[in-house]
Amino acid sequence: MRFGLVCEGATDFITVANFLSTALSDRGVSADFIDLQPGLDKTSEMNCGWSNALLWLKNNNLKQRQVSILGRGLFSGRLASKKCDAIIICLDSDCAADEGFINFCKKHAGEIPEGLSHIDTVKRAIVNFSELSLEGAKAEKHVICAALHNSESWCVGVLPDDPERQVEQIPIGETNALLLAALSALPNAVLVDEGRRIKDRALRNDFCQANLAKIDHLIRRSGSFNQMLDDAHEIAVA
């Protein structure tokens with residue numbers, strides 16, 4: 001099963017590709033991941049962030065994705081080399097707290113109702129930009145997911161700090177501190193400036209690879225990861 005992934009940055013891709021492929025494998029599904037947005041071969045971070053991910057969805061509308069990525073038409077188009085069986089759209093829910101997020105969404109894809117949680121606000125933004133609905137996304141071979149608070153929280157989900165505490169209960173500041181401490185303990189951490197360790201690709205991959213055997217901890221502790229896992233599995237076995 002080939003999943004195309006739309007996310008905010010390279011470390012998010014690495015986290016999802018490692019942890020979700022392991023969790024799906026435990027359910028009998030072999031999964032590979034293609035970096036649709038942003039491309040991991042790009043060294044610049046200018047293509048990263050929630051605004052770029054949302055605009056990618058707008059610029060690659062549903063019909064285009066169906067034809068050029070999911071291969072539902074006669075012509076595969078310019079992304080034929082990245083043809084996928086399904087697409088996962090995963091953004092961090094903490095982007096809803098960014099100044100200007102609501103106005104950006106209103107300007108480019110329509111208003112988002114007030115009073116929603118961060119996770120529901122981000123899901124509604126994905127719906128507006130992707131031309132999907134929460135109810136019909138899976139029928140179109142799409143998974144919509146908002147990580148709480150971010151993909152770093154999923155990394156913390158495998159740590160032994162408090163294996164029974166839900167990651168949703170851990171404040172974002174504590175999440176970052178816990179992950180930074182774990183990354184700093186890795187052998188190659190000395191090669192990376194402390195201020196960059198949380199977003200360093202090599203360290204994130206080392207961390208994920210070292211903790212794949214603890215995927216059950218994350219599954220127990222994260223509702224947002226479980227939602228993505230269940231939806232991806234449902235599409236894979238349909």
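I began with Cys95, which counts as buried because its relative accessibility is 1%, where buried means under 20% relative accessible area, exposed over 50% and partly exposed in between, with a 1.4 Å probe and protein chains only. This is a predicted model, in which local features need pLDDT of at least 70 and side-chain atom pairs count only at pLDDT 80 or more, while totals for chains, interfaces and linings use all residues. Residues are numbered from 1 along each chain as its sequence is written, and side-chain values use heavy atoms, with hydrogens and water left out.

I then looked for disulfides (pairs of cysteine sulfur atoms within 2.5 Å) and found 0 in the structure. Cys90 is in none, the nearest cysteine sulfur being that of Cys145, 4.2 Å away. For Cys95, the closest cysteine sulfur is in Cys105, and at 7.7 Å it is too far for a bond.

Next I turned to the nonpolar cores, sets of buried Ala, Val, Leu, Ile, Met, Phe, Trp, Tyr and Cys residues joined through side-chain atoms within 4.5 Å. The largest has 43 residues, of which Phe19, Leu20, Phe207, Phe225 and Met228 touch the most other members. Apart from this core lies another of 30 residues, including Ile69 and Cys84.

Last, I checked helix H3 (residues 62-69), where Leu62, Arg65, Gln66, Ser68 and Ile69 are buried; helices (H or I, at least four residues) and strands (E, at least two) are DSSP runs, numbered from the N terminus. After H3 comes Gly71, with a positive phi near 65°.
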